[in-house]
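Morning, everyone. Today I want to talk about salt bridges. Here is the model.

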Amino acid sequence: MGDCIFCKIIDGEIPSKKVYEDDRVVAFHDINPIAPVHVLVIPKKHIPSLLDLKEEDKELVGYLHLVIQQVAKEMGVDRDGFRVVTNTGLHGQQTVFHLHYHLIGGRQLQWTM
Ligand code: 5GP
Ligand code: ZN
């Protein structure tokens, strides 16, 4: 999709450290991690943000959650817990407009918004 960074990561045009990939979903380490574990889980389908989800994406969103669960286990954060974040729009400080879930863990997180 045009100049979307995450579509380029999916296509391999921009290198990334992938931790999971299948026909619908990719997960890779965030380039600027805020915690020992900071992985981005994204659909291969270019959906700009949560606000653009459609009825037809319901199954994909459920599937993304199952992938997040699996990656959390593989990253070893399932025992102590983790956080899943989808920044949306201006106030949410979304910077990349391809739907993504931040999987953050590996340390005690605070609730400082
Ligand atoms: P947002 O701010 O939209 O919620 O999250 C975008 C995330 O993508 C940021 O945490 C940022 O560090 C990450 N990011 C931006 N460009 C790249 C990149 O080229 N490679 C990787 N691995 N992460 C990126
Ligand atoms: Zn994209």
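Is lysine 45 buried, partly exposed or exposed? Keep in mind that this is a predicted model. Lysine 45 is partly exposed, with a relative accessible area of 35%. That value falls between the 20% and 50% cut-offs.

Now its partner. The side chain of lysine 45 meets that of glutamate 56 in a salt bridge, at 3.3 Å from N to O. Lysine 45 sits in the loop between strand E3 (37-43) and helix H2 (58-74), and glutamate 56 also lies in the loop between E3 and H2, so the pair ties together parts that are eleven residues apart in sequence. Glutamate 56 is exposed, at 61% relative accessible area.

There is a third member here. Lys45, Glu56 and Asp57 are linked in a network of salt bridges.

Next, lysine 58. Which residue does lysine 58 form a salt bridge with? Glutamate 55, with the closest N and O atoms 2.9 Å apart. Both lysine 58 and glutamate 55 are exposed.

On to another pair. Aspartate 80 forms a salt bridge with arginine 79. Their closest N and O atoms are 3.3 Å apart. Aspartate 80 is exposed, with a relative accessible area of 64%. Arginine 79 counts as exposed too, at 74%.

Side chains of opposite charge can pair when their charged atoms come close.

And the tally? How many salt bridges does the count come to? Six. Among them are lysine 45 with glutamate 56, lysine 58 with glutamate 55, and aspartate 80 with arginine 79.

That's my part. Over to you.

Note on methods. Residues are numbered from 1 along each chain as its sequence is written. Chains are lettered from A and ligands numbered from 1 in the order in which they are written. This is a predicted model: local features need pLDDT of at least 70, side-chain atom pairs count only at pLDDT 80 or more; totals for chains, interfaces and linings use all residues. Side-chain values use heavy atoms; hydrogens and water are left out. A salt bridge is a side-chain nitrogen of Lys or Arg within 4 Å of a carboxyl oxygen of Asp or Glu. Helices (H or I, at least four residues) and strands (E, at least two) are DSSP runs, numbered from the N terminus. Buried means under 20% relative accessible area, exposed over 50%, partly exposed in between (1.4 Å probe, protein chains only).
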